[in-house]
Amino acid sequence: MTQGRSKVGIMGGTFDPVHTGHLVLAEDVRDAFGLDEVIFIPSANPPHKGGSASVSAEHRYLMTVLATADNPHFSVSRRELDRQGPSYSLLTVKELQERYGGSTEFFFITGSDAINELDTWYQVDELLARCHFIVSEREGVPLDEARLARRFGRLAAEHIHRLATPELEISSTDIRARLARGASIRYLVPAPVASYIEKEGLYR
């Protein structure tokens, strides 16, 4: 990491729906690494999730906007929603680098479960050379440092960073299941998101 450069976090995901755990992770990373901004980027066609989500991309985007509106360091981008084809992280990082210029470092925020399968990502060597990864180590899913070191060598040591984050057992899958059976999701998602889900009748 280079001193004096602006630092921007990338928080990608289906956000189906966005929940409190996403927000806590993004804020914790922003604070720990001194990021100037965290961009939430809902994916349109996530290649690692079979290219599908439970509700439309537009609903997921609007919920993410509602969830992040009260944090001046958070923003939401439509770039993957408006791009044709799969939501490859490399294409997103390239577009952001073109927009922000060479004086900005990018930090891709993800979990240990995803980073352990980093070698399956699209053109991952170029992706890892272009940005840093900040890994939230999840309960029961330790970071496979040996595998990463074998595959990426020096890049793994210099561009993959660990961060112990608050253990919040919240998942979009559980929230969808709760909604399907009519259970409360209060405090699992921000209040504006809960209101939007209720108004639009989502996940029923």
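Reply: Of the 204 residues of the protein, 46% count as buried, where buried means under 20% relative accessible area, exposed means over 50%, and partly exposed is in between, with a 1.4 Å probe and protein chains only. This is a predicted model, in which local features need pLDDT of at least 70 and side-chain atom pairs count only at pLDDT 80 or more, while totals for chains, interfaces and linings use all residues. Residues are numbered from 1 along each chain as its sequence is written, and side-chain values use heavy atoms, leaving out hydrogens and water.

Now to the helix you asked about. The protein has ten helices and six strands; these are DSSP runs numbered from the N terminus, with helices (H or I) of at least four residues and strands (E) of at least two. Helix α10 covers residues 191–200, and its buried residues are Val-193, Tyr-196 and Ile-197. They cover an arc of only 100° around the axis, which puts them on the same side of α10; the arc is that of the directions from the helix axis to the C-beta atoms. There is a handy general rule here: an α-helix has 3.6 residues a turn, so residues three or four places apart point the same way.

What do those buried residues of α10 pack against? Their partners are α2 (57–68) and α9 (172–180), with contact meaning heavy atoms within 4.5 Å. On the other side of α10 you will find Ala-191, Glu-198 and Lys-199, which are exposed.

Next, follow the chain past the helix. Gly-201 comes after α10 and has a positive phi, near 65°. Tyr-203 also lies in the segment after α10, and its phi is positive too, near 65°, in a residue other than glycine. That deserves a second glance, since most residues other than glycine have a negative phi. Is Tyr-203 buried or exposed? At 10% relative accessibility, Tyr-203 counts as buried.

For comparison, look at Gln-123, in the loop between α5 (112–115) and α6 (124–130). Gln-123 has a positive phi of about 45° although it is not a glycine, and at 41% relative accessibility it counts as partly exposed.

Finally, step back to the whole chain. Residues 24 or more positions apart account for 78% of the contacts with a separation of 6 or more.
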